[in-house]
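Have it open while you read, as the points go residue by residue.

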Amino acid sequence: MNVTKTTAPRVKLLTRAREAMRARHFSERTVQTYASWIRRFIVFHGKRHPAALGELEIVQFLSHLANERAASRSTHNQAASAILFLYRDVLGRTIENPGLSIRPRQSTRLPVVLSQKEVKIVLAQLKGPKRLMVQLLYASGLRLLECLRLRVKDIDLECFELSIRSGKGDHDRLTMLAESLVPDLEAHLQVVARLHERDLKRGRGHVELPHALHRKYPNAPVELSWQYVFPARTRVMSDKLGLKVRHHFHPSAVQRAVKVAAVSAGITKRVTCHTFRHSFATHLLQSGCDIRTVQELLGHRSVKTTMIYTHVLNRGGRGVRSPADLL
């Protein structure tokens, strides 16, 4: 009697790793970043399977990053976290080498901050939706992706509030909305509504929802309230919904616009989208705002993170005047 043996199909290691991360509700950016480090680790060791490698090979790869690639502290820690996740949660192996727990010392870096005058002249170089996005970064202290992922329902024009959903660390929070931006936001939301109406007339108008909300609320993907505040010009295929959806603006488009605007404005500082968040926190503290309030608005878990902005409260670093000012 012949017995047919059924074997489960082999799943690629990177696929298993991605599935393990998504099962733990890692953000999609973290999933892609960790997968990239795992791939680089495998390629570094001649595409050998990580199950055949051990603690020595892990240390060799991390040493290569630190010594030959001159990786920064954050990059080194990111790579180490990705590899340790692979062994602990995907391969089921415990890495006991104490050398792996030694991470580069954290350096103190002061954030690049623009003056209010500099913010104004950079904004003057921007136009349209990109200008409004950067205005929100500065006016509400948003991270770039928090701004791009805003939905129409997240904006309360009457209470002057923004609801940030699934921010860094998958936390929600409320932050302020500048009253001066309300007229521009109202006009912009009307444009978004007209675009969505045109999409609906063409049998389109779908948008991806977080997690599995599209199954719980089948009509939500075509509702205006769930549309992105800053929709992309073109639609892309969604594996989740199996049809084309309208995503939000791509981060690189805003990043390039900010870089060009800063150069055009003659700013010699290294200006990025995150610079406006730094400036938001710094200017609030300069105006006398309580640091705990700033912490909540920024969405920091610990006030220690927010403390980096207190450097602006001390003139000359230690609150003293330079002797040159007395000449």
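Is lysine 153 buried, partly exposed or exposed? Lysine 153 comes out as partly exposed, because its relative accessibility is 35% (buried means under 20% relative accessible area, exposed over 50%, partly exposed in between, with a 1.4 Å probe and protein chains only).

1. Ground rules. This is a predicted model, in which local features need pLDDT of at least 70 and side-chain atom pairs count only at pLDDT 80 or more, while totals for chains, interfaces and linings use all residues. Residues are numbered from 1 along each chain as its sequence is written, and side-chain values use heavy atoms, with hydrogens and water left out.

2. Overview. The protein chain has 13 helices and five strands (DSSP runs numbered from the N terminus, with helices being H or I of at least four residues and strands E of at least two). Of its 327 residues, 41% are buried. Take the contacts in the chain with a separation of 6 or more: 59% of them join residues 24 or more positions apart (contact means heavy atoms within 4.5 Å).

3. The salt bridge of lysine 153. Its side chain meets that of aspartate 154 at 3.2 Å, N to O (a salt bridge is a side-chain nitrogen of Lys or Arg within 4 Å of a carboxyl oxygen of Asp or Glu). Aspartate 154 is buried, because its relative accessible area is 3%. Aspartate 172 pairs with arginine 165, with the closest N and O atoms 3.9 Å apart. Here aspartate 172 is partly exposed at 49%, and arginine 165 is partly exposed at 46%. Lys153, Asp154, Arg165 and Asp172 are linked in a network of salt bridges.

4. Another pair. The whole structure has eleven salt bridges, and one of them joins aspartate 89 to arginine 88 at 2.9 Å, N to O. Aspartate 89 is partly exposed at 25%, whereas arginine 88 is exposed at 51%.

5. The largest core. Which residues have the most contacts inside the largest nonpolar core? They are Leu136, Leu142, Phe230, Val254 and Phe276, in a core of 42 residues (a nonpolar core is a set of buried Ala, Val, Leu, Ile, Met, Phe, Trp, Tyr and Cys residues joined through side-chain atoms within 4.5 Å). The elements that give two or more residues to this core are α5 (116–123), α6 (128–140), α7 (144–148), β2 (161–164), α8 (182–201), α10 (251–264) and α11 (273–286). Of these, α6 gives the most, with seven residues. Another core lies apart from this one, with 28 residues, among them Val31, Phe41, Ala79 and Ala80.

6. Leucine 142 up close. Not counting residues up to four places away in sequence, leucine 142 touches Leu136, Leu137, Cys147, Leu150, Leu162, Ile164, Arg173, Thr175 and Arg277.

7. α6 against α10. These two helices pack at about 85°, with their axes 10 Å apart (axes are lines fitted to C-alpha atoms, for helices over the stretch in contact, and angles run from 0 to 180 degrees between N-to-C directions). They are therefore roughly perpendicular (the term covers 65 to 115 degrees). Lys130, Met133 and Val134 of α6 meet Ala253, Val254, Ala257 and Val258 of α10.

8. A buried loop residue. Leucine 181 sits in the loop between β3 (173–176) and α8, and it is buried at 4% relative accessibility. Leaving aside neighbours within four places in sequence, leucine 181 is in contact with Gln135, Leu136 and Ala139. Leucine 181 and phenylalanine 160 are 21 residues apart in sequence, with 9.5 Å between their C-alpha atoms.

9. α2 against α3. Helix α2 (residues 28–44) packs against α3 at about 105°, with the axes 10 Å apart, so α2 and α3 are roughly perpendicular too. Trp37, Arg40, Phe41 and Phe44 of α2 meet Glu57, Ile58, Gln60, Phe61, His64 and Leu65 of α3.

10. One to look at again. Glutamate 57, in helix α3 (residues 55–67), is buried yet has no salt bridge. The nearest side chain of opposite charge is arginine 48, 4.5 Å away (Lys and Arg count as positive, Asp and Glu as negative, and His and the chain ends are not counted). Beyond residues up to four places away in sequence, glutamate 57 touches Phe41 and His45.

Key: Parallel < 35°, antiparallel > 145°, perpendicular 65-115°, else oblique.
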